[in-house]
Amino acid sequence: MTEKNKNYFHSIQLADREWINIKLQESNHASCEYSFANNFIYAKVYDVQVGELSGCGVIRYRNQKNRGQYSYSFPFGNGNKREALKTMQELCRRDGYALRIYPVLEKDRKLLLEWFQGEFEIDADRGDYDYIYKMEKLAYLRGKKLHGKRNHIARFMDDNDWRYEPMSAENIEGCRQMSKKWECMRADKWNDSMEEEINVLDEAFDYFEELGFVGGVLYKAEEIVAFTIGEKLNSDTLVVHFEKAYPDLQGAYPMINQQFILHEGMNFTYVNREEDTGDMGLRKAKLSYYPDMILKKYRAVESSVVFANEMDTDAIEHIWQVCFGDDREYIELYLENRFQTENMLVIHEDGKPVSMLSLLPVTVTIGGERHAARYVYAVATLPEYRGKGYASKLIRYAFDKYGEPLILQPENESLQRYYEQLGFDEVFRQSPCWVYNAYAEKVTYMSENAAYEIAQDLTYVSENLRQIRAAELGRWQMEDVSAKEYKEIRDQYFSGEGYVEWDEEAIQYAMKENSFCNGGTLKLTNRENGTKKLIMYRVCDRDCDIGKLHVVETTLDEEELAQILPTLMRSTHTLQAYEKNEGGMILHTREMAGWECDEGYLNLTLA
């Protein structure tokens with residue numbers, strides 16, 4: 001730590017409570033981290049320090065176990081936040097670190113984007129989001145959705161041997177002993193995080209009155225079976241820091257939850273019950289009370305590679321048009337449906353994004369198990385900024401950040417060689433290109449170039465008929481299909497080693513994009529056995545493909561296609577039909593080293 005750092009920050013002390021609370025009140029944040037008491041009781045675990053920069057309060061912390069670099073809160077209070085942030089940058093640079101900020105609320109995220117364009121990677125972890133409820137909801141548990149909670153409370157009250165009282169010096173020791181028993185009951189699930197929480201809880205007991213905590217204690221048969229500790233967070237919100245109840249006692253948790261609100265919370269409008277830390281059981285429990293707000297909190301870190309944001313859309317459209325030549329309407333279709341502020345990475349130069357890369361979540365089956373992966377899409381750099389390694393920098397950054405396999409589909413052999421140099425392997429093989437000729441009424445296999453040569457002589461009749469609805473075709477019934485049903489049929493048919501699975505949102509967009517490109521998506525039901533099949537197709541409008549029907553994806557076999565295609569081609573006024581899976585490449589993680597798959601399936605990639 002530098003001498004200058006020492007002048008700015010010191011270990012948090014009880015004496016800091018008054019001035020920090022004044023600064024916190026000025027900002028009136030709803031996030032559970034903006035609490036003096038909460039930071040004080042975690043001081044030993046996270047080496048919590050506080051300081052005043054440019055009239056703002058700032059809290060910084062780091063894990064005591066590894067003594068890593070500090071993370072800083074976003075400046076709070078009525079001071080000059082921008083200048084405080086610049087000072088934080090200078091302090092971190094002197095120590096050789098990039099500035100890390102957490103938590104960052106939505107309004108503060110926008111300030112970072114405005115003041116430090118292209119300098120901070122800002123993203124969020126779902127496990128960090130706070131659950132906020134209207135006080136009245138938790139107090140009275142009205143409505144069908146909370147009927148189960150009321151039932152559990154009724155069972156707890158059956159014997160009429162319970163009582164509630166506020167936490168005080170007289171019953172804190174009893175609560176401390178109850179927490180030790182609770183700890184023993186959880187021994188089989190114990191971990192470092194629980195140990196940490198118990199130690200912090202002891203701090204809360206020790207400084208209960210000094211920190212201004214309020215609490216509630218629940219008795220049954222004169223034994224403490226549950227307790228809660230919270231405090232005033234801001235002008236209208238109570239925050240709950242701890243809630244413990246014996247897990248084998250029916251109704252104990254919902255009972256202490258309700259009683260604490262009824263006795264200590266009715267002067268507030270909201271209650272913040274903090275985050276779920278990614279614990280799926282805890283998430284389910286918090287969602288079961290139907291939160292009125294789930295407060296998104298971001299993490300920001302200084303970086304030359306950052307996420308694109310809502311203010312970058314014009315620059316993204318420009319890069320896209322220059323590099324890919326797509327119409328503005330097509331680009332806007334993608335941005336409106338698939339772009340998120342945390343799925344496109346960009347590099348800024350000269351005050352604007354000049355290089356970009358999209359990352360779309362997929363699941364790939366490797367070694368018989370489904371693994372999260374990212375599909376790399378729309379990699380592009382403006383021509384005047386090429387030759388600086390921006391594309392490879394974006395790919396490496398994404399690979400290191402997520403620690404997941406990256407999958408892509410190179411447009412040509414030159415790009416394939418480029419991606420091979422970055423470590424990508426071709427594991428999703430191309431399938432043969434077949435062409436169905438309306439005159440010969442048969443399927444022939446030929447090279448892609450030969451298929452294009454035949455297409456040059458064909459004439460396109462433009463009636464733009466995009467879909468067939470409720471058509472009858474021999475033993476097949478054709479009808480529209482939902483994205484959910486499409487995914488179910490697709491997953492069942494293609495699942496296997498190397499299968500790249502898209503989620504329902506991605507399927508929905510693939511269908512919308514296909515429709516935009518003069519296509520249609522159909523479900524075909526076999527009248528004889530009820531088997532359901534899929535076909536996604538589009539009428540080509542490129543010069544070399546005019547007059548051709550592109551079968552984007554289908555679960556029909558060759559014989560079934562031969563039955564379907566003549567009617568489909570007549571309806572779309574096309575003279576040839578073709579299907580070709582372009583294949584793809586993958587950048588392996590270490591865990592995947594040596595994985596080979598010659599028959600993996602990759603499609604609906606928007607390539």
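Accessible areas here come from the Shrake-Rupley method with a 1.4 Å probe, and for residues only the protein chains shown count as cover. This is a predicted model: local features need pLDDT of at least 70, side-chain atom pairs count only at pLDDT 80 or more, and totals for chains, interfaces and linings use all residues. Residues are numbered from 1 along each chain as its sequence is written, and side-chain values use heavy atoms, with hydrogens and water left out.

**The whole protein**

Select everything. The accessible surface comes to about 28200 Å², and 45% of that belongs to carbon and sulfur atoms. Along the principal axes, the C-alpha atoms fill a box of roughly 95 × 65 × 45 Å. Now switch to cartoon. The protein has 20 helices and 30 strands. Both are DSSP runs numbered from the N terminus: helices are H or I with at least four residues, strands are E with at least two.

How many of the 607 residues count as buried? The share is 53%. Buried means under 20% relative accessible area, exposed means over 50%, and partly exposed lies in between (1.4 Å probe, protein chains only).

Contacts come next; a contact means heavy atoms within 4.5 Å. Take the contacts with a separation of 6 or more: residues 24 or more positions apart account for 71% of them.

**Helix 2**

Select residues 17-27, which form helix 2. Its buried residues are Ile20, Lys23, Leu24 and Ser27.

What do the buried residues of helix 2 pack against? Show helix 3 (36-41), strand 2 (49-53), strand 3 (56-61), helix 5 (81-94) and helix 6 (106-115). Then step past the end of helix 2 to Asn28, whose phi is positive, near 55°.

Stay with helix 5 and pick Thr87, which is found there. Thr87 counts as buried, at 13% relative accessibility. Not counting residues up to four places away in sequence, Thr87 touches Tyr8 and Leu53.

**The cores**

In soluble globular proteins, nonpolar side chains tend to be buried together. A nonpolar core is a set of buried Ala, Val, Leu, Ile, Met, Phe, Trp, Tyr and Cys residues joined through side-chain atoms within 4.5 Å. The largest one has 81 residues. Select Tyr72, Ile101, Leu112, Met167 and Ile229, which touch the most other members.

Zoom in on Leu112. Leaving aside neighbours within four places in sequence, Leu112 is in contact with Phe74, Leu85, Ile101, Val104, Gln117, Phe120, Ile122 and Ala300. A second, separate core has 71 residues, including Leu333, Leu394, Val427 and Trp595.

**A surface patch**

Select Tyr140, Leu262 and Met266. They form a nonpolar patch on the surface, with about 240 Å² of accessible area together. Patches are made of residues with over 30% relative accessible area and no salt bridge; like charges are joined within 9 Å, and nonpolar side chains (Val, Leu, Ile, Met, Phe, Trp, Tyr) within 5 Å. A salt bridge is a side-chain nitrogen of Lys or Arg within 4 Å of a carboxyl oxygen of Asp or Glu. Leu262 lies in helix 11 (residues 252-264). Leu262 is partly exposed, at 31% relative accessible area.

**Backbone stops**

Most residues other than glycine have a negative phi, and most peptide bonds are trans. Which peptide bond is cis, with omega near 0°? Select the one from Tyr102 to Pro103. Pro103 is in strand 5 (residues 100-104).

Go to Ser54, in the loop between strand 2 and strand 3. Ser54 has a positive phi, near 50°, and is partly exposed at 35%. Jump to His573, in the loop between helix 20 (558-572) and strand 29 (576-579). His573 has a positive phi of about 60° and is partly exposed at 26%.

**Two distances**

Draw a line from Lys548 to Val104. They are 444 residues apart along the chain, and their C-alpha atoms are separated by 52 Å. Lys548 is in strand 28 (residues 548-554) and is buried, at 1%.

Finish at Ser482, in the loop between strand 24 (476-479) and helix 18 (483-494). Ser482 and Leu522 are 40 residues apart in sequence and 9.2 Å apart in space, C-alpha to C-alpha.
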